[in-house]
Amino acid sequence: MNQILAKILKPIPAPILFIVSGTTQYMGAAVAVGVFTKLAPTATAWWRFALASIILMLWQQPWKAGLTSRQVKTAAIFGIVMAGMNMIFYEAVSRIDLGLVVSLEFLGPISLAVYLNRTWQARIAALLALGGVICISGFALDFTNPNVEAGIIFSLLGGTAWAGYIMLGKKVSATGGLHSLAIGCFTATIIYSPVAFSSFTTVAQDLNLFKSLLIVATMSTLVPYSLDQVIMRRLDASTFALLKALLPTTSLLIGIIFLGQIPGWIAVVGLVLVSVSVWLTTSNSRI
């Protein structure tokens, strides 16, 4: 199944796959923001991974993949980091705007890209991408709001976890692929289950809430992380991290369309800088 999906998506350039992944992921995040009125952000993230893990386990049947114990262990760690990253992300977006959260989180991937690829072209691309995501944030930090400080801290922690996700994701994509993703999501569901115990009754009694969670699980976990596994097989970790600059741009657009979070004009400058960064990143390679 991994090979079939990779073959189907092979003609599609990696930047397009990033945009599709980002669009579905942050549309799911926009739905999740509405769920926060009924569930805590961490519980919402848990349900997202729990439902996605059921679909992935039934679809991929990783117990038939013949993975080694070491590959299973790596996949489990990958899932714990991935789910933790998303719980942190939801804590952040429950406090500050989606576009700003993703912009701050991007410090993690950009630092990783500079560390892994120290060519001048990569450094210039990284600086342009960083400038772009800062512009996209609109410098709209209202420190009189008590939630802002906590939102910034969660965003920066999320960026660190994001870098870890890229490194581990690159490793599992080369071995287990979607089988490893299924194992990772299932492991995270078990490990983080205590954060959702109090929400079981609420979800069981609210069919509309369950439907919303299923949408979030599909759009924010199943689709984007499956695409990530395909993309990671094509790219080195540095290029993958730099192309993540497309996600703040996508989140900005989703924030405008679905959440009514209108940015300042300077965000246009950010979009241009990100576009130039992506061009520099992809100009010398066929991805």
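**Salt bridges and a buried serine**

Me: Is Lys38 buried, partly exposed or exposed, and which percentage decides?
Reply: The cut-offs settle this: buried means under 20% relative accessible area, exposed over 50%, partly exposed in between (1.4 Å probe, protein chains only). Lys38 has 48% relative accessibility, so Lys38 counts as partly exposed.

Me: What kind of model is this, and what is left out of side-chain values?
Reply: This is a predicted model, where local features need pLDDT of at least 70, side-chain atom pairs need 80 or more, and totals for chains, interfaces and linings use all residues. Residues are numbered from 1 along each chain as its sequence is written, and side-chain values use heavy atoms, leaving out hydrogens and water.

Me: Which residue does Lys38 meet in a salt bridge?
Reply: A salt bridge puts a side-chain nitrogen of Lys or Arg within 4 Å of a carboxyl oxygen of Asp or Glu. Here the N to O distance is 2.9 Å, and the partner of Lys38 is Asp206.

Me: How many residues apart are Asp206 and Lys38?
Reply: Helices are DSSP runs (H or I, at least four residues), numbered from the N terminus. Asp206 sits in the loop between α10 (200-204) and α11 (207-234). Lys38 sits in the loop between α2 (14-35) and α3 (41-60). The pair links distant parts of the chain, and the separation is 168 residues.

Me: Which residue forms a salt bridge with Glu91?
Reply: Glu91 is buried at 15% relative accessibility. The closest N and O atoms are 2.7 Å apart, and the partner is Arg95.

Me: Which residues does Ser21 contact, leaving aside neighbours within four places in sequence?
Reply: Ser21 lies in helix α2 and is buried at 1% relative accessibility. Contact means heavy atoms within 4.5 Å. With those neighbours left aside, Ser21 is in contact with Pro224, Leu227 and Asp228.

How values were computed:
Helices (H or I, at least four residues) and strands (E, at least two) are DSSP runs, numbered from the N terminus.
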